Amino acid sequence: MTMNIDNNESSLGIVISGSLSEGIRVRLTNPTTVELVKVGTFVSINGENLKFFGVITDISLGASDHNIEYGSIESSNTFVKEVMSGTTTFGEIIVHPMLTLYNTEDIDTAFEKPLPAKTIPNHFAKVSSATEQDIERVFGSESDNVFWVGHPLDMESKLCLNIKELVTRTNGVFGKSGTGKTFLTRLLLIGILQSDSASNLIFDMANEYGWRGYSENINEVKGLKQLFPSKVAVFSLDETNSKKRGLTPDYVVKFGLEEIEYGDIAILKDLLNLTDLALDAVYVLEHHYGRKNWLKMFLSLQGRDSISNIAEKLNFHEGTLISLHNRLSRIHRFNFIDKTQSHQSVEKILEYLQRGIHVVLEFGRYEHNALAYILVTNLITRRIHQKYVELTETSFTKNKKPKPIVITIEEAHRFLTPSIAPKTIFGTIAREMRKYNVTLLIVDQRPSSIDGEIMSQIGTKFACLLDNEKDVDAVLTGVHGSRKLRSVLASLDSKQQALIFGHSLPMPVVIKTREYGTPESYRSFGISNKQDQIEIDREELFGEN
Amino acid sequence: MINKNQEEKYPKSPIGEVIETSAFNLTIQCHKLYESPAIGSLIKCGTETIVYSVISNIKTQSLDTTRTTIALAQNAFSVEDVYQENPQLQNLLSTSLNTIVVGYKQNTHINHEIPSIPPKIHDLTYCCTLEETLEFSQTFGFLRILRSSNNAHIDDVIVSFLRSTLGNSKNPSQLLLRAGQELARLLKDDTQRLTQILERVSL
Ligand SMILES: Nc1ncnc2c1ncn2[C@@H]1O[C@H](COP(=O)(O)OP(=O)(O)OP(=O)(O)O)[C@@H](O)[C@H]1O
Ligand SMILES: [Mg+2]
């Protein structure tokens with residue numbers, strides 16, 4: 001049986017020269033296409049024995065006569081221009097071959113997975129824009145563990161991601177402000193939710209994932225809880241704010257002072273403007289009063305005298321402790337910190353996650369409070385990780401691994417700057433990969449501020465437009481052939497486009513991110529749970545409650 | 001007078017005959033003084049193998065090369081008067097054409113190549129009709145032969161050919177574009193020359 005691999009391809013041009021390292025030069029057959037081809041487009045090259053898949057990384061103009069380049073030929077005559085274009089003057093593209101497969105008519109091998117390109121096509125090989133079959137061949141088609149995230153540049157075909165593969169590593173969504181990071185992340189979270197390959201814990205700093213997200217175009221989009229009410233729980237740090245926005249949270253999160261440790265303060269060093277000495281004092285205080293009581297005891301000290309007493313006892317300068325006391329009182333003032341009793345918030349979150357319920361933690365009125373965000377995120381993540389290390393270690397004997405968790409953090413550089421990343425839990429998680437079934441989904445607009453070592457551990461990168469050179473470098477370092485992707489990354493649209501590459505994809509690809517926010521887009525998730533669908537229909541009929 | 005044959009749609013009578021032959025160039029003597037197609041016209045000769053050539057030069061001179069012509073018109077009203085008053089001129093002068101061989105037709109198949117055997121002396125020569133010219137110009141491979149001829153004025157011949165024949169076709173822009181592209185390929189490293197030809201063709 002034979003199979004025609006090449007039907008409906010739209011031909012672009014032929015190979016005229018090139019190398020594996022510098023890319024293949026392709027002369028466009030139709031000169032008028034120069035203005036139509038785009039950097040980042042997915043193309044196929046039909047070699048003698050191999051079929052290549054690659055990406056357009058550059059576009060240029062060529063001329064057979066140098067006089068044209070010197071500008072000594074000038075003609076305003078349209079006929080002259082018409083004749084010359086495509087003959088004397090022509091368009092060229094550079095294609096970087098990424099994958100190959102045998103160009104065979106045999107159906108048995110026709111379904112083999114493509115392999116990384118280790119060679120290049122012959123002269124005069126035909127280059128075409130990729131077809132829908134090519135896309136499916138390389139990236140897979142929409143099925144169980146494969147999630148449709150968008151469309152390859154200028155194509156109708158669906159581009160799918162293998163979510164199971166994706167969640168085995170820490171991943172990152174990058175891009176400058178307003179490029180669609182949050183929208184793309186929301187889609188990835190839905191992909192994870194629908195594939196059931198992990199439980200999500202989302203630190204929703206700006207209240208946009210759980211309930212009612214904001215959009216520049218249509219003001220409001222649905223949050224995850226609205227689409228998947230039976231699978232998502234919204235935890236809130238600020239019940240009043242959540243209720244004001246029409247949501248009764250599944251759980252109101254509070255922490256007791258005794259839950260805060262040295263490490264939770266250390267990560268706040270810059271925000272609280274603490275000196276090294278002040279941090280040493282925290283360490284000593286923790287020893288002095290005991291891990292559970294130190295903060296409660298220290299903050300309960302009233303007046304200068306009692307603080308100087310302690311300072312003397314512990315051999316610290318009085319001034320150091322007074323200013324430390326002042327600064328730590330800021331924590332004390334958060335409504336979600338309970339001075340009197342302990343709480344089980346982290347246990348509650350863990351319980352939900354273990355049941356396969358995805359947890360969105362809303363910050364309510366603290367939405368732009370970096371101190372609250374970092375304190376809470378670190379506190380919870382540290383303890384969940386701790387728990388997971390225990391669970392994973394005992395799982396060897398019980399033969400039951402804990403449900404994998406993906407922790408989503410926005411503004412990730414706040415946790416991952418080179419100075420703190422090696423010491424924080426986030427650095428640890430990013431480095432140890434999936435060992436303990438916890439991975440991160442990092443969302444950030446300043447990747448250059450993130451520790452380079454962490455960046456190099458990121459499995460799959462979703463890069464929206466970045467215009468700062470340093471940020472572009474940070475995203476591309478450690479990626480094979482990244483130099484070639486620079487031009488692609490720099491020429492993305494300012495919204496709803498991303499270059500995605502890394503562990504879970506066979507080759508880099510530019511996508512237009514799947515639409516999110518319209519009724520059709522919600523329907524396209526094919527919500528299967530009856531109860532969820534009833535909720536959504538009700539909302540659509542009667543408006544949101 | 002010179003364009004007479006072009007205006008006739010189906011010239012059945014020959015315009016002249018071959019008097020000098022080679023694989024690349026022919027000389028045709030016209031049967032009637034001055035009755036020649038224009039420079040750049042496609043003509044054909046031969047019976048079994050039809051050989052096509054393009055007129056690159058037209059000459060009229062004394063038949064007896066030892067005798068030069070003398071001036072006769074100093075008192076005449078017009079040049080026609082001179083010919084009427086001196087009917088012997090029709091026998092003393094003759095018009096001849098130089099042509100460049102550009103292809104041949106064998107068993108209805110047209111080739112843009114030099115025929116393996118050149119036409120014979122005295123082969124009758126006909127001017128191609130517009131239809132025949134267009135049939136010959138379905139592709140433009142023959143421009144390669146024209147371009148490589150050593151005629152110093154070949155560009156003018158090419159321009160005349162394209163302007164007159166293709167310009168008169170039903171779909172001139174399509175054909176001219178294709179002809180132009182063929183020229184562009186041939187002259188890919190001499191854009192100056194290409195531009196000059198194209199600009200003149202498109203006038
Ligand atoms: N997939 C999408 N579907 C529909 N609209 C989108 C999509 N992606 C981006 N947009 C539009 O672009 C706007 C900005 O997107 P988003 O809020 O995700 O940006 P961001 O990168 O998270 O910005 P910031 O850094 O400020 O948080 C959205 O409000 C929405 O209007
Ligand atoms: Mg955002």
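## Helix pair H20(A) and H21(A)

H20(A) and H21(A) cross in a right-handed sense. The model is a predicted one. Two packed helices are described by the angle between their axes and the distance between the axes. Here H20(A) packs against helix H21 (residues 482-490) of chain A at an angle of about 135°, and the axes lie 10 Å apart. Angles over 145 degrees would count as roughly antiparallel and 65 to 115 as roughly perpendicular, and the two helices H20(A) and H21(A) are therefore oblique to each other.

On the H20(A) side, the contact is made by A:Glu469, A:Val472, A:Asp473 and A:Leu476; on the H21(A) side, by A:Ser482, A:Leu485, A:Arg486 and A:Leu489. By residue class, the contact of H20(A) with H21(A) comprises four nonpolar, one polar and three charged residues.

## Salt bridge A:Lys176 to A:Asp467

Side chains of opposite charge can pair when their charged atoms come close. Over all chains, the count is 29 salt bridges. One of them joins A:Lys176 to A:Asp467, with 2.9 Å between the closest N and O atoms. A:Lys176 sits in the loop between strand E10 (171-174) and helix H6 (181-195) of chain A, and A:Asp467 in the loop between strand E21 (460-463) and helix H20 (469-476) of chain A, so the pair ties together parts that are 291 residues apart in sequence.

## Salt bridge A:Arg304 to A:Glu318

A:Arg304 and A:Glu318 form a salt bridge through their side chains, at 3.3 Å from N to O. A:Arg304 belongs to helix H13 (residues 303-314) of chain A and A:Glu318 to helix H14 (residues 318-332) of chain A, so this pair ties together parts that are 14 residues apart in sequence.

With 53% relative accessibility, A:Arg304 is classed as exposed. A:Glu318 is partly exposed, its relative accessible area being 27%.

In chain B, a salt bridge links the side chains of B:Arg185 and B:Glu182, with an N to O distance of 3.9 Å. Both B:Arg185 and B:Glu182 lie in helix H7 (residues 172-186) of chain B, three residues apart, or about one turn of the helix. B:Arg185 has a relative accessible area of 46% and is partly exposed.

In chain A, salt bridges with shared partners join A:Glu261, A:Asp264, A:Arg291 and A:Arg382 into one network.

Terms used
Residues are numbered from 1 along each chain as its sequence is written. Chains are lettered from A and ligands numbered from 1 in the order in which they are written. This is a predicted model: local features need pLDDT of at least 70, side-chain atom pairs count only at pLDDT 80 or more; totals for chains, interfaces and linings use all residues. Side-chain values use heavy atoms; hydrogens and water are left out. A salt bridge is a side-chain nitrogen of Lys or Arg within 4 Å of a carboxyl oxygen of Asp or Glu. Helices (H or I, at least four residues) and strands (E, at least two) are DSSP runs, numbered from the N terminus. Buried means under 20% relative accessible area, exposed over 50%, partly exposed in between (1.4 Å probe, protein chains only). Axes are lines fitted to C-alpha atoms, for helices over the stretch in contact, and angles run from 0 to 180 degrees between N-to-C directions. Angles under 35 degrees count as roughly parallel, over 145 as roughly antiparallel, 65 to 115 as roughly perpendicular and the rest as oblique. A crossing is left-handed if the near helix is turned anticlockwise from the far one by less than a right angle, and right-handed if clockwise. Contact means heavy atoms within 4.5 Å. Ala, Val, Leu, Ile, Met, Phe, Trp, Tyr, Cys and Pro count as nonpolar, Asp, Glu, Lys and Arg as charged, and the others, Gly among them, as polar.
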